Amino acid sequence: GLSRGYDGVLAVDDVSFRLERGRVLGVIGASGSGKTTLARMLLGLETPDAGTVTLDDEPWVPLPERERRPRRHRVAAVVQDPGATFDERWNVERVLADAFSRGDERRARGALGERVDAALRQVDLDPVLRSRSPRTLSGGQRQRLAIARALATDPEVIVLDEPVTALDATVQHAVLRLLERLRDETGVAMVFVSHDLRAVRRMADDVLVVHAGAVVEHGPAAEVFARPAHPVTARLLHAAERLAAGPAAGTAADLTD
């Protein structure tokens, strides 16, 4: 587990990694390797067959949800397509007010207007959008709203599962730049799960490589990308290089083999 003594946040004992405050852990692997399963375990949505997750040296997984609930706000999530996670009856203001109030409807109806506006500005959204339905926003705007919602609970860690995969290249760059700024401003730790190795290389301090449900490599991102120690990592990097070289050199299937 982790202790506050060295500013720890999350630890997974069976996989054996630690995530400290203000750090970004990249999780990479081919489709079906177990990346999303690991993310769901960190969020307490799935229970591993063996091993534990601790949050600041206190049990997190496995643990009954009723015991996790008082600390639930400390671990937030941003998914690939947040549209399905927004209540279609709510506008942007209600989405953020609910996050600030942590589900307390009476507090959500209170004077949260200034906090909502500040939250929107923090993720570079115009407060004029507060009356809009999330369904009417662009993909990039919805992802920024999802990030604002995650930050509204004042989390210690945000688990981002393919947060830029569905966005075009220009919007991807803008969202990654936003995440970098928010990490620096807030000190929040991040788990960045993605098959986009360029995004992981840009964001991550450390990297986990997952294959067939197991971690096959773990180390500083610069070291793993420069000198992969496991054949699975080498194959992933080679496939990414072929994709970057253009359609004639490789296809998306290279990353899903």
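The model is predicted, so to speak of local features requires pLDDT of at least 70 and side-chain atom pairs count only at pLDDT 80 or more, while totals for chains, interfaces and linings use all residues. Residues are numbered from 1 along each chain as its sequence is written, and side-chain values use heavy atoms, with hydrogens and water left out. Helices (H or I, at least four residues) and strands (E, at least two) are DSSP runs numbered from the N terminus.

**Backbone**
- Most residues other than glycine have a negative phi, and most peptide bonds are trans.
- The Val61 to Pro62 peptide bond is cis, with omega near -5°, and Pro62 sits in the loop between strand S5 (58-61) and helix H2 (65-68).
- Asp57 has a positive phi of about 70° and lies in the loop between strand S4 (53-55) and S5.
- Ala212 also has a positive phi, near 55°, and its relative accessibility of 65% makes it exposed (buried means under 20% relative accessible area, exposed over 50%, partly exposed in between, with a 1.4 Å probe and protein chains only).

**Salt bridges**
- The structure holds 17 salt bridges (a side-chain nitrogen of Lys or Arg within 4 Å of a carboxyl oxygen of Asp or Glu).
- Glu58 and Arg71 pair at 3.4 Å, N to O; Glu58 is in strand S5 and Arg71 in the loop between H2 and strand S6 (75-78), so the pair ties together parts 13 residues apart in sequence.
- Glu65 and Arg68 pair at 3.0 Å, and they are 3 residues apart in helix H2, about one helical turn.
- Arg68 is buried at 5% relative accessibility, whereas Glu65 is partly exposed at 29%.
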